[in-house]
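Thank you all for coming. Today I would like to walk you slowly through one model, looking at charged side chains and then at a pocket.

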Amino acid sequence: MKALVWHGVGDIRLDDVPEPRIETPDDAIVRLTASAICGTDLHFIRGTFSNMRQGTILGHEGVGIVEALGDNVRNFDIGDRVVVCSTVSCGYCPPCREGNTAQCDNANPNGPEAGTCFFGGPEATGPVNGLQAEKARIPFASNTLIKVPPEVSDDQAILISDIFPTAWFGAELADIERGDIVTVFGAGPVGQFAVASALLMGASRVIAIDCHEDRLAMARRQGAFTINFDKEDPVATIKKLTGGVGADCAIDAVGVDSQHAHSGPAAAQANEEADKFRQEVAQVAPQNAEHQHVDDGNWVPGDAPTQALEWAIASLKKAGTLSIIGVYPPEAETFPIGMAMNKNLTMRMGNCNHHTIIPQLLELVRMGAIDPVDVLTQVEPLSDVVSAYRSFDKREAGWIKTELLPQS
């Protein structure tokens, strides 16, 4: 079958690989009818998340049809249409029973202390082959798969595999109360759903911060206030839009590939911090900090890993809440902790508990409360996946969220 395979930093290929098979009684095989490209995937190609295993199939978003079931998978039938949770979970260990399915004790082959297991990730997460393929083996399928209602399309369901629940999780971590003012740093796909989630939870005002006009325009269509950090100082503008108080809650939807301002009033501060940012990039992307694997403008690491965090902390009110759902690797050891402590901030972070959140989002979509397809901008065949990655990586205008069709 065809699958997108990671061969090294800056090196992904659409390869012919063996079809997956049942390996344990808890497995299922799913024929994928939809997959997608996520910003998390770019971290592995840019080298800002290390220790990938050569030959790993990428991708952690999937919708498909169940083709085979292990003996222990007793809540599905062959032919069921399912969405794949991006994180793997058993459903019966103590963390899973508490709803903390991203911290399942049994899913990660590296042991209960290893943390989150997700599809298409580095060694520390399994690794488990991913979902940018024609078929996939799903470990602990009884909990990692969720049936899709007939009223929910593949285009809608693929957006509920990871990015919508991750954004919802981020809004929950932010502890949004009715009337709160919420900032969302990063207006990519997860940021768009963070805007939507915050508004659904009762935020009176949501402010989206990015430097790409197409993304800011999409956020405005949802009703968000927008700030282009290449044109304005984001901290000063947030203070202006909050009456000088600052935001109640901030959501970091960027992660390690954060960028600093390259023009406008915020660029001067970035120039003062240039040496610090360079050291941060060298720390998180040792194989690509000097752009050793950059190819025709692709696979460039973010130039300021802590920039979104710095802006978020600086623009929060005293005793505000910071939610971090952008991905940071274990090697990221720089954090503006002093600034956060001196403002009495509450900080919450982590990987999304997909199995806990996805059912309620499927119901919201089924009822028509929200249509996630508004964020979907491209639908491409799996055969064009490398080209699609290049366009998404460069943040070409209009490339916000890309669905892949494995069976095309």
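This is a predicted model: local features need pLDDT of at least 70, side-chain atom pairs count only at pLDDT 80 or more; totals for chains, interfaces and linings use all residues.

When the whole structure is searched, 23 salt bridges are found, and I will pick out some of them.

In one of these, the side chains of Arg31 and Glu67 meet, with 3.3 Å from N to O. This pair links distant parts of the chain, since Arg31 sits in strand 3 (residues 28-37) and Glu67 in strand 4 (residues 62-69), 36 residues apart. Arg31 counts as partly exposed because its relative accessibility is 27%, and Glu67, at 33%, is partly exposed too. Arg31 and Glu67 also belong to a network of salt bridges together with Glu19 and Lys135.

Now please look at helix 10 (residues 274-284), where Arg278 and Asp275 lie three residues apart, about one turn of the helix. Their side chains form a salt bridge at 2.2 Å, N to O. Is Arg278 buried or exposed? Its relative accessibility is 54%, and a residue over 50% is called exposed, so Arg278 counts as exposed, whereas Asp275, at 49%, is partly exposed.

Finally, we come to the second largest pocket, which holds about 540 Å³ of space. Of the 27 residues that line this pocket, those closest to its centre are Glu23, Pro127, Val128, Asn129 and Arg137. The lining is made up of 14 nonpolar, five polar and eight charged residues.

Notes
Residues are numbered from 1 along each chain as its sequence is written. Side-chain values use heavy atoms; hydrogens and water are left out. On a 1 Å grid over the protein atoms alone, a cavity is a set of points where a 1.4 Å probe fits but cannot get out, and a pocket is an open set with protein on both sides within 12 Å along at least five of seven lines; lining residues have an atom within 4 Å of a point. Grid points are joined across faces, edges and corners, and a volume is the space filled by probe spheres set on the points. Ala, Val, Leu, Ile, Met, Phe, Trp, Tyr, Cys and Pro count as nonpolar, Asp, Glu, Lys and Arg as charged, and the others, Gly among them, as polar. A salt bridge is a side-chain nitrogen of Lys or Arg within 4 Å of a carboxyl oxygen of Asp or Glu. Helices (H or I, at least four residues) and strands (E, at least two) are DSSP runs, numbered from the N terminus. Buried means under 20% relative accessible area, exposed over 50%, partly exposed in between (1.4 Å probe, protein chains only).
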